[in-house]
Amino acid sequence: MTKEFELTVNGTAVRVETDPSSSLLHVLRNELDLKGARFGCGLGLCGACFVQMDGKVVASCDVPMWSAEGRTVVTVEGLEPGDGLHRVQQALIEGQAAQCGYCISGITVTAATLLETSPVPDERAVVAALDRNLCRCGVQRRVVRAVLQAGSAAAAT
Amino acid sequence: MTPERATTPASPLPRDLAANPILSRWVTVNPDGAMDVRVGKVELGQGILTALAQIAAAELGVDLDQIRMLPANTTHGPDEGLTSGSMSIARCGPALRVACAQTRARFVAEAARTWDADADQVTVRRGRIRCGERVTSYGALAGVVDLDVPADPEKPRTYGDRSRLVGTSAPRLDLPDKIAGRPRYIHDLRLPGQLFGRVLRPPSPGARLRRLDADPLGDGDVHIVRDGSFVGVVGADEAEVSRAVETLRAATTWDEHDTLPDENDLRGFLRTGPHETIEVLTAERPPPAGRTLRAGYSKPFLAHASMAPSCGVARWNDDGTLSVWSHSQGIHGLRAAIALALGMDVDRIEVEHAQSAGCYGHNAADDAAFDAVLLARDVPGRPVHVQWSRRDELTWSPFGPAMSVDAQAVVDASGMVASWQSDVWSQGHTSRPGYLGAPGLLAGAHLERPWRYPAASDPPPENGAGTVRNAVPIYDFPHRRVTGHRLLQTPIRSSAMRALGAFMNVFAIESFMDELAEGAGIDPLTYRLMHLADARGRKVLQRAAAAAGWGAPAADGTGRGIGFARYKGTGAYCAVVADVAAEHEIRVRRLTIAVDVGLVVNPDGVRNQIEGGATQAASWTLKERVRFDRRKITSDDWESYPILRFSEAPEICVELVEDPGLPSVGAGEAAQGPTAAAIANAVAAAVGVRVRDLPLTPEAVIAAIESADLTQP
């Protein structure tokens with residue numbers, strides 16, 4: 001049985017009709033055509049689908065729509081207003097900190113959220129924040145350097 | 001610039017170009033000046049399309065942003081076999097170089113003809129074709145120059161503009177879109193009229209579907225497809241389809257039985273025949289007399305564990321042809337296997353590559369494509385998009401085989417090796433589509449009239465072998481015997497995983513070298529150099545050691561180890577120094593790596609591949625092991641199959657030891673074995689006892705320490 005849900009996604013109020021048990025990830029990818037959050041495991045264990053919900057990092061594969069009603073969601077596409085890239089994304093490209101890139105949306109959301117509360121984090125904080133994000137290609141150290149770079153670049157401006 | 005060396009006397013063209021000689025298969029010049037390049041190698045997250053675009057741009061005389069790398073396609077692009085074995089840069093690079101050089105030559109000739117000029121006076125830079133004051137462009141001549149012609153062995157082979165692009169760290173062409181979160185993966189593909197499918201896999205290997213309740217899904221919008229024990233669902237809403245497969249699971253009854261070996265006795269399992277005996281090196285005389293040392297090493301089954309579950313899309317077209325989208329490593333092989341499985345004419349099938357997450361070998365990409373083909377058969381004209389679950393990905397993809405090596409050495413009075421003998425026990429390393437004459441696609445084994453799949457085979461020696469890849473030590477031993485034993489019957493599906501047998505064989509050889517060095521009382525680096533004449537190998541070992549500060553004393557609870565190999569005996573040289581801390585846990589602090597891949601096309605690309613390979617190898621070495629009971633695979637999520645996390649990833653320093661005069665070889669697999677050995681040797685140095693069975697978990701290290709304590713006098 002489908003039901004109508006209202007929520008805010010990347011600054012825009014949206015209304016979707018779906019089964020209450022459908023995941024937020026499903027709605028983002030299939031109803032709202034936001035493919036940035038990726039399906040990795042469906043169990044909230046890998047981080048590929050991470051988005052911000054009310055300012056906190058959540059696994060969108062593990063958020064049923066009945067619990068997303070009225071929430072404010074920001075996906076990797078919405079981290080930076082307009083068409084530009086978030087400073088974490090810029091630093092990731094600068095450092096070529098990806099191989100396949102499938103995990104990188106979730107990593108970006110985690111890192112950008114960290115920088116909101118801790119604009120110039122140290123390495124320990126970056127590593128701790130990213131410990132829920134899995135990467136199989138092995139770019140962890142490049143990612144850590146890029147996030148530190150994004151933090152220090154912001155501090156310098 | 002030296003012309004490319006002939007690959008065979010009959011055809012001086014590079015192998016892949018000789019097999020696909022028509023230039024338009026490789027290059028299309030558009031009226032707007034954009035160059036569409038199609039290659040037979042595919043992007044697996046390794047960045048190969050960027051390195052190949054650099055080669056194309058350099059030869060064509062255009063900027064990198066004028067090159068568009070199109071997806072590999074069985075109908076429109078060249079057939080270059082598999083993207084595997086770290087062979088892409090070595091095989092595709094020379095072919096693409098000549099194809100692009102000859103394309104350029106044809107445009108230059110056309111410009112020279114219209115200007116009545118000498119072709120030698122015509123230059124090409126940034127896509128502008130110039131002779132004195134006269135200027136034209138690729139785009140302007142696109143309608144005139146015919147590229148539907150075969151490459152000519154007598155025509156130019158390279159323009160040699162390498163310095164401008166080749167050898168520079170061009171940023172990856174595909175990363176900005178992927179980092180921006182744009183739809184670039186097969187999972188994001190949405191074709192007109194597309195439906196979603198899911199397959200209900202059996203609960204265990206060997207299970208057969210006994211009963212499916214009548215009409216479990218009721219009147220919903222999702223319908224069931226069944227062929228024997230192959231059951232799936234198709235519908236328009238992906239979330240509903242995912243729920244339907246769980247409903248279906250509850251409505252099925254399966255006949256199951258115990259088929260799997262004891263996961264704690266893989267050594268015994270691998271030695272219980274029948275076997276194929278692979279005589280790699282046979283000794284013509286018995287080993288010399290002397291002190292004999294022996295050791296046995298092992299690794300468990302490993303999962304690919306890509307971040308994305310496998311995915312495939314298929315559509316049966318109105319004219320009876322079949323269109324397939326897949327992240328397969330070999331779209332031509334997949335096409336042939338589908339044709340074989342369904343009794344179709346191969347020409348009626350088109351397979352196009354679509355990108356996915358990182359691929360480290362023969363995973364379930366081909367299986368997912370075949371799932372889509374079977375489900376789409378029920379809905380002609382509609383594309384069906386099939387995505388696997390994480391559980392299926394971790395339990396039904398082929399595994400990297402379990403292996404076990406027995407090594408034995410006779411040493412002389414000074415501790416130098418007088419004889420080296422080893423026996424490698426393994427399952428086969430390839431069950432790719434079409435192997436041993438069978439389709440090799442998972443669903444084929446579950447159909448009403450099932451295909452019977454033999455145990456995995458091994459790639460032929462000319463492709464680097466499988467069980468015995470890197471089983472021959474690079475060192476100069478006066479007496480050697482190396483024998484492989486490939487298991488011919490097994491209930492566990494195995495296939496190619498990054499480095500194949502080289503991971504285990506290098507781990508075993510380089511661990512044993514450390515044990516022999518210790519027995520001789522000689523520093524492990526010195527001991528290796530005493531047995532190694534190969535100049536490139538010596539240089540790589542010495543560079544890694546120097547960069548790591550080899551020889552400095554280690555603090556308590558820490559250890560340093562070294563591992564080294566030349567991948568496949570013909571590829572990249574790689575030496576790894578590992579620094580570990582082993583107190584409450586095993587932590588790899590730092591990996592210092594030196595690598596020689598010949599001519600480097602993209603230095604940062606090589607570094608990224610080496611860093612990634614070493615990090616993944618550290619994960620295999622420290623943490624990974626496919627778990628099972630006697631009936632089913634039990635490691636089915638990220639908690640039961642843990643991989644290395646951010647907090648565990650070592651710092652990595654890569655030194656490129658380059659010789660630009662030597663041909664380029666791949667970097668993707670070179671670090672796997674040396675990293676495992678370096679870590680194991682460092683752990684042994686830190687704790688004083690050796691663990692010979694992977695993974696090197698804290699429990700395994702503690703058990704080794706306790707058993708060593710028990711055997712102390």
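**Exercise 1.** Decide how strand β18 (residues 403-411) of chain B sits in the structure.

*Solution.* Start with burial, where buried means under 20% relative accessible area, exposed over 50%, and partly exposed in between (1.4 Å probe, protein chains only). Seven of the nine residues of β18(B) are buried, so the rest of the structure largely encloses this strand. The strand itself is a DSSP run (E, at least two residues); helices are runs of H or I, at least four residues, and both are numbered from the N terminus.

This is a predicted model: local features need pLDDT of at least 70, side-chain atom pairs count only at pLDDT 80 or more, and totals for chains, interfaces and linings use all residues. Residues are numbered from 1 along each chain as its sequence is written, chains are lettered from A and ligands numbered from 1 in the order in which they are written, and side-chain values use heavy atoms, without hydrogens and water.

**Exercise 2.** Find the strands that pair with β18(B).

*Solution.* Two strands pair if DSSP finds at least two bridges between them. Step one: strand β13 (residues 291-299) of chain B runs antiparallel to β18(B), with nine bridges. Here Y297(B) faces V405(B). Step two: strand β19 (residues 417-426) of chain B is also antiparallel to β18(B), over nine bridges. Here A407(B) stands opposite S422(B). Step three: check the turn. Five residues lie between the strands of the β18(B)–β19(B) hairpin, and G415(B) has a positive phi near 90°.

**Exercise 3.** List the elements of chain A in order.

*Solution.* Count: five helices and five strands. From the N terminus, read β-β-α-β-β-β-α-α-α-α.
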